[in-house]
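Visitor: Could you take me through this structure, please? I would like to begin with the contact between chains.

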Amino acid sequence: MLGLAWRLYVVLGRPARADYSEPRRSDLVAGAMRTIFAKMLPPRGVKVRGVAMANAYLYHAGLALVAFGFAPHIRFIERYTGIGWPALPDPVMYVASGVAIVGLVIALIDRLSDRVLRLLSGFDDYFSWAVVMLPLLTGMALIDRPYQPAPQAATPVSPGLLAIHLLSLELLLVWLPFGKLAHAALVFVSRWRTGADFTRKGAAI
Amino acid sequence: MSGPDLDPLDFDAPRFTIRKPAVRYDQQGDASDAERSAAAVRAFVRDMSRTAATYMESCIRCGHCAEACHFYLASGDPAHTPIWKLEPFRQAYRREAGPFRWLYRKLNLAPEPAARELREWQELLYDSCSMCGRCTLACPMGIDIAGLVAQARHGMFAAGLVPHELHAVAERAEREGSPLGATPKVLKERIEWLCDEHAVEIPLDLPRAEVLVTLSSIEIMKYPKSIVATARILKHLGVSWTLRSEGYEATNFGLFSGNADWQRDMSLRVINAALACGARTLLLPECGHAYGAMRWQGANMYGKPLPFRVLHVTEFLADAVRGGRLKLKPLAGSITFHDPCQVSRRGGATQAPREVLAALGAELREMPAAGNANWCCGGGGGVVTLHRADEHRYRAFEIKMKQVEATGAQRLATSCSNCRLTFDDGQAHYKWDHRIESLLELVAEQLPT
């Protein structure tokens, strides 16, 4: 959290330029919000790499479901924050994990095989991929039985595997502010910026 | 060094620029490579505002921008991916201004962009980017890549690494007031000739006027009928207007070349002319980048809000149509419209030409991906001035030709003289059977008698 806060602080601390041009529209906040949501959908009128985009939707959805819908993850969050919510059934989690893992593998193959992506990619892209994949794989190694809270569990989960899983999660969290995974937060800042600026001009987003 | 004596203008070819240089000088001055690199980085860092920093941090390297770029599609070369064109800028950002700059410097993870790299990137930043902004539509993070390219060009100019032709015309514009030799003397002669030839009144240097009209030097030198059309329409509307010899040139090659001081000078000439005659409206010609330069950047060059409104001529016409002041004779047949990127997609005036076309009563056949998603003609951003970019630009123009042909429309119009120039050049190159027309001139032809 601190790393991410630092990154945002430096970015937002850069000088802002005053814009004296007469705005075409003044609903800048609404425009910024619209952009945040509109950019979640495929762009209109512009062709993009459809399979890659569909795959990105799938593995993002899979990751979100696993991270926030799986019972042990919710208990883990609840233990630290006191905030909990109903979990999704285990079979849904297995499918979501599978989708996320397969999607990430496809994304990696795409990155390695597409000439544009290969050129654009660097250490950050591959390492970020690895630190997202690791908790998924180590988590899959843990789910050999339906989840039960610790006191009721017939046999406890392997402490060694659990430790590896938690360590892989910590690696992800440590890396998050430094690399491209920070787009989890920056996506809102970037779209907000463009949304407000372009709405001011009435330009297409 | 390129200069006016070494770089005569070529008015014989369909595309107006300087004659093809026998020897290219794609760098200016005699600074060492180390000095060029340092100058570029200083300029890059100066431009790293909050917005630029946000964009630099946000790219997820997804490559979607490539598919939206006509220059990438024309070459298939991954180096023409829009975001890759900013790599030296990104390197400088990470090293000098990013949140982990100390780490990048200490471990040399982002080396200072060397002059050798900047020379390599000159082709990417100038020859193969028309700053059309189509890539932003495809970017899931909403990064304004075209805006960043304009900023990166500042660094290139500071390093003395501007392509020969672009530097030559920009320098001429700064020195003479026009990139194509349309000096005040030439303008005066043109006006006298046009007034005689077409029996119109073109007021020059009136002390007071409601509307200050500005022109593109492409119009003055290649499409002077646009000036006649403007005069006829303004007379029909009963508008008090003038041209002013101290500020008539709306194009801004300071912006294209990457020299912010020249950009300011060129903007201030026009702004001061408008102030001098007490204009309430500054009317921009059929020119795309002039719109971006004055409508959205003019006040920032001036340092405060402008005390007059700035309108592209199609906005002015649409205003008159809306107000019931402009009624036109119907135009027979079907027509398709090429949106100038800087007026429509990036300028926000996509609907204005459509209102004018509706007033003309012609059957409008929109191109596939028309309006905001329209394909650029490939000549913007100064690309059309560069001889060495021709082959790539022509291939990119093929996308445009297909888009036009898909409509089956009988006529083709636009509202940007630079687009017209690019179309004329493409038409001559491919011996294409489509001729582009000016929307402004079509309106003038359909004025009621």
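Guide: In this model, 46 residues of chain B are in contact with 48 residues of chain A, two residues being in contact if their C-beta atoms, placed from the backbone, lie within 7 Å. This is a predicted model, in which local features need pLDDT of at least 70 and side-chain atom pairs count only at pLDDT 80 or more, while totals for chains, interfaces and linings use all residues. Residues are numbered from 1 along each chain as its sequence is written, and chains are lettered from A and ligands numbered from 1 in the order in which they are written.

Visitor: Changing topic, at what angle do α7(A) and α8(A) pack?

Guide: Helix α7 (residues 123-142) and helix α8 (residues 159-175) of chain A pack at about 160 degrees, their axes 9 Å apart. Axes are lines fitted to C-alpha atoms, for helices over the stretch in contact, and angles run from 0 to 180 degrees between N-to-C directions. α7(A) is therefore roughly antiparallel to α8(A), a term for angles over 145 degrees.

Visitor: Which residues make that contact?

Guide: Among them are Phe127(A), Val131(A) and Leu142(A) of α7(A), and Leu161(A), His165(A) and Trp175(A) of α8(A). The residues of this contact comprise 14 nonpolar, five polar and no charged.

Visitor: Back to chain B: is Leu439(B) buried or exposed?

Guide: Leu439(B) counts as buried because it has 24 C-beta neighbours inside 10 Å; the cut-off is 20 or more other C-beta atoms within 10 Å of its own, placed from the backbone. Leu439(B) is found in helix α22 (residues 439-445), and the residues it touches include Thr314(B), Pro353(B) and Ala413(B).

Visitor: How far is Leu439(B) from Thr314(B)?

Guide: Their C-alpha atoms are separated by 8.2 Å, although the two residues are 125 residues apart along the chain.

Visitor: What is the bridge partner of Ala413(B) in β10(B)?

Guide: The partner is Glu437(B). Three bridges join β9(B) to strand β10 (residues 436-438), and these strands run parallel; two strands pair if DSSP finds at least two bridges between them.

Note on methods:
Helix = DSSP H or I, 4+ residues; strand = E, 2+ residues; numbered from the N terminus. Parallel < 35°, antiparallel > 145°, perpendicular 65-115°, else oblique. Nonpolar A, V, L, I, M, F, W, Y, C, P; charged D, E, K, R; others polar. Buried ≥ 20, exposed ≤ 12 C-beta atoms within 10 Å, placed from the backbone. Lists of a residue's contacts leave out its neighbours within four places in sequence.
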